[in-house]
Amino acid sequence: MTAAKALRMQCDDLNIALQNFAQAGSDSANTPLRPPTVPAPPYRHAAPSGPWPWMDFDVDSTTSTTVIEPSWRGYPQSQFGNWTPDQVRRSKMLEKCLVNKTSTVYWMDVRDDGIFARSNMGGKGDTMVVGPGQEDGFWDMLITGRPPNIRIRSIFVDDLTSPVLRMLGTRYNIEPFFFTSSINWIPSRYQEASTHKKGDHITITLPFVRTLHGSRTAPTSPPLSHLTNTPIDIQASFPMSDGNTLFIDLLAIHMVRGVKTSTVISYHPESTWCRTSAKRLHTLMQLVGGSVHWQKIFDKSKDPTFLFLAILWYALYAWDESLELLYNHSSDLESRVLQTQNNIELTQELHILQAHLLYYQALLHNFEASVRFIAKTQNPAMESSDFSDEQRTVTKELMEAESENLLGEIDRLEMRREKLSNRLKNMMNLAFADINIEDNSQTRRLTQATVRDSAAMKQISYLTMVFLPASLLASVFGMNVMEINEGTFLTLDRYVEVSISLTLFTVYIVITLQPYSSFHDPDAPFLRRAVWPILTLCKVMTKTRVKTEEDMA
């Protein structure tokens, strides 16, 4: 039964992989010139506190009858029974891993003396490629005991495959939320499995802004919404005028804190387009061990949480560089605003940049919240009898100091972002002022043209007045009435009667058809407007009677 179950799981995984491969093949012709857009995160699925992970409320929930593989191959159901196959499928936790054939794992150790050392896993060094047929060897390496002098073991994983995900999740009892949050780009931070004097698990998934330098993208201005119905995608990359591009990167870190030894797992779901790879972060963390400042911290305190803080400094460096380049881009925009008038494309660029700055504000707030979460989530393993009160006090003081250092830098970044936003608002006001000035100039020209036309019409009116008496005489003497032309049957009295009657009828028709007139009440219906002469006569008589009565009184 177990073999059949494993075979069925492999068939299902293969079907999903074939679907993804077909989709990737269809999209290959449309490869983007910039880093792809980050998907909108479903925040409700970010942490274990949510009781319905990746559930569809429109579908009746039923208990799964699928036989669960008891080994690592049954993860996550083997560890977390509330994760049904349908929820795993909806979260795409395993599906997105199937496009990878091999995983590259980088190891690093922090020894008890605070020294950062390269791991030598099974005599194979600090790098291991896990492919098909190598799963059992990697699993044996995970479950093998560590040397007693290892304080922290760091595992950096690139191109996570489904077997490696299952093995890491099973070996370290990791909540599936860690993998689903990182795969789906959901910002999250939470503590789980906290046990007094023993340890806990903490997780942070942190999106941040990084810079892609130069050659992969053409040095063009940001994509404009030439079509008015094209929305601004604030989670897309933002190309700048100098050829650099700002894009969203991700840190996904899970730490298992213990008394004797701890484990840090850094998972990098997508290392393409210069997004942070496991190899890059592994190299940078080794350099942390060479920092005099951080070496003193690891000498004074055995709390592994400081390695977590050190990793977050990487995001701060990326933020600082991005805002620095964004300042140069805004300066270029400002010079173009001063040199160009009434440019609608330029105002669109300003609006797009402002939308991204507002989104970056939310990301910086999330960064600050992550640092505060680490600062206030004390390591329960430090309450163990293995640590003295003096060590706890020193650790607490160091954690407060280092957290404040990082929070101070984040506050500086937010102030810089806010200054850019205010400067951008000033540029937008200037651009709109130029447009208003141009509109006023056009209005003035139209007014002048109207005055000229009025003068011309007045001249035509004067000319008409000159010929009007002659036209009147010609019309009168051309009439076929007995008083002027003998032998006709019409009379001048009949002409006057017909003319006055037709004129009064025309006036009646015109006033009746006008919905807005001083002869009508507001919103009067057509039938009421049709009897306006009678109503007007009644009003006049009423006013006359009232005035007479007032005069007599």
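**Exercise 1.** Determine how many aromatic pairs the count comes to, and classify the pair of Trp83 and Phe177.

*Solution.* Step 1: apply the rule that rings of Phe, Tyr and Trp (its six-membered ring) pair if their centres lie within 6.5 Å, with planes under 30 degrees apart counted as stacked, over 60 as edge-to-face and the rest as tilted. The count then comes to 14 aromatic pairs.

Step 1: for Trp83 and Phe177, the centre-to-centre distance is 5.3 Å and the angle between the planes is 80°, an edge-to-face pair. This pair links distant parts of the chain, 94 residues apart: Trp83 lies in the loop between α1 (2–27) and α2 (85–91), and Phe177 in helix α5 (residues 177–183). Helices (H or I, at least four residues) and strands (E, at least two) are DSSP runs, numbered from the N terminus. Both Trp83 and Phe177 are buried, where buried means under 20% relative accessible area, exposed over 50%, and partly exposed in between (1.4 Å probe, protein chains only).

The model is predicted: local features need pLDDT of at least 70, side-chain atom pairs count only at pLDDT 80 or more, and totals for chains, interfaces and linings use all residues. Residues are numbered from 1 along each chain as its sequence is written, and side-chain values use heavy atoms, with hydrogens and water left out.

**Exercise 2.** Explain why the pair of Phe116 and Phe298 is edge-to-face.

*Solution.* Step 1: the ring centres of Phe116 and Phe298 are 5.1 Å apart and the planes stand at 90°, so the pair is edge-to-face.

Step 1: Phe116 and Phe298 are both buried.

**Exercise 3.** State whether Thr104 is buried or exposed, and list its contacts beyond neighbours within four places in sequence.

*Solution.* Step 1: Thr104 belongs to strand β1 (residues 103–111). Its relative accessible area is 16%, so Thr104 is buried.

Step 1: with neighbours within four places in sequence left aside, Thr104 has contacts (heavy atoms within 4.5 Å) with Thr127, Met128, Val129, Phe156, Val157 and Asp158.

**Exercise 4.** Locate Leu527 and decide whether this residue is buried or exposed.

*Solution.* Step 1: Leu527 is placed in helix α12.

Step 1: the relative accessibility of Leu527 is 69%, and therefore Leu527 counts as exposed.
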